[in-house]
Amino acid sequence: MSVPPITYAQLLDTNNLIQQNADECFYLCYYRTVQESKLFPVPSYMMMSYLNAFYRYPPLLKKIEQHMSAEELGDYARDNGVKIAPSMTWGLANFYLLGREFLINIGLLRPEDAVEDVVHVIDFWKRFMLSWQRNNAHLIAIQAGHRAQIHSERRLQVMHADMYDCEEGDELHIAAQNCLATVSQFTFLVSCESRIGQNNMGPYNLGNGREMLVREFVDLSESSYPWLDGVGASVPYNNIVVPMVAEGVHFNWIDDWGSFS
């Protein structure tokens, strides 16, 4: 079956989306406090993952769309509510683009090479993001003033209604702090310092000086990581969603890596 030629309008749209992602990548790296690792060779394995994404994403995404469109996947991910988070959706486009950039920089690829694949991957990402972020109608966090307000009003109301009040220093407050610290450290080690195992969404204004942040921890037990075989067998829940409310605290931003401040 013949593939229709890439139109000028598609090239313009793709160039614009590539530039938007480049601008956000610059922001994320520039304002990062740490760019190196003492425990794992993070830059090395990330560069390998970028190259892997460049070569694997085009045929993989085409195979996926034989069964479900990017829009349908976005709707499913939004309603499912876990494991699809800002850092992962950022990676869908940028792991591929960073692999392409690396190959261009070392002279193994020209900017005009594999243009059909570039257009397809970026178009898939765009359609997925517009569907996944249908509630706020943005593609990336920087467009929303660095907000990651993904959840529907219906889901937020359920989270809000099911919360338990606590005061600083009481038993529930201490237990929650200890739990979050322990799980954060666990995911940090399990994902080899990549932070892909923990994400944050929000903030959601609840009024009266209260803001809700939704924290997600994924792949805590035995999953796709072979080093968790046996080790993670006793972890009762693979994914945990923790909505929490801060009073008198304003979250300035939540970026496309799921970081907050």
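Two strands count as paired here if DSSP finds at least two bridges between them. The strands themselves (E, at least two residues) and the helices (H or I, at least four) are DSSP runs, numbered from the N terminus. Keep in mind that this is a predicted model: local features need pLDDT of at least 70, side-chain atom pairs count only at pLDDT 80 or more, and totals for chains, interfaces and linings use all residues. Residues are numbered from 1 along each chain as its sequence is written, and side-chain values use heavy atoms, with hydrogens and water left out.

**The strands**

Let's start with β2, which pairs with a strand on either hand, as the table shows.

| Strand pair | Residues | Sense | Bridges |
|---|---|---|---|
| β1 and β2 | 198-207 and 210-217 | antiparallel | seven |
| β2 and β3 | 210-217 and 240-247 | antiparallel | eight |

Strand β2 is mostly covered, with seven of its eight residues buried (buried means under 20% relative accessible area, exposed over 50%, partly exposed in between, using a 1.4 Å probe and protein chains only).

**The core**

A nonpolar core is a set of buried Ala, Val, Leu, Ile, Met, Phe, Trp, Tyr and Cys residues joined through side-chain atoms within 4.5 Å. The largest one has 32 residues, and those touching the most other members are Leu-92, Tyr-96, Ile-122, Trp-125, Phe-128 and Trp-132. Helices α1 to α6 as well as β1 and β2 each supply at least two residues of this core. Which element gives the largest share? That's α5, with eight residues.

**The cysteines**

How many disulfides are there? Taking a disulfide as a pair of cysteine sulfur atoms within 2.5 Å, the count is zero. For Cys-29, the nearest cysteine sulfur is that of Cys-25, 6.3 Å away. Cys-29 is partly exposed, at 38% relative accessibility. For Cys-166, the nearest is the sulfur of Cys-179, 13 Å away. Cys-166 is partly exposed too, with a relative accessible area of 35%.
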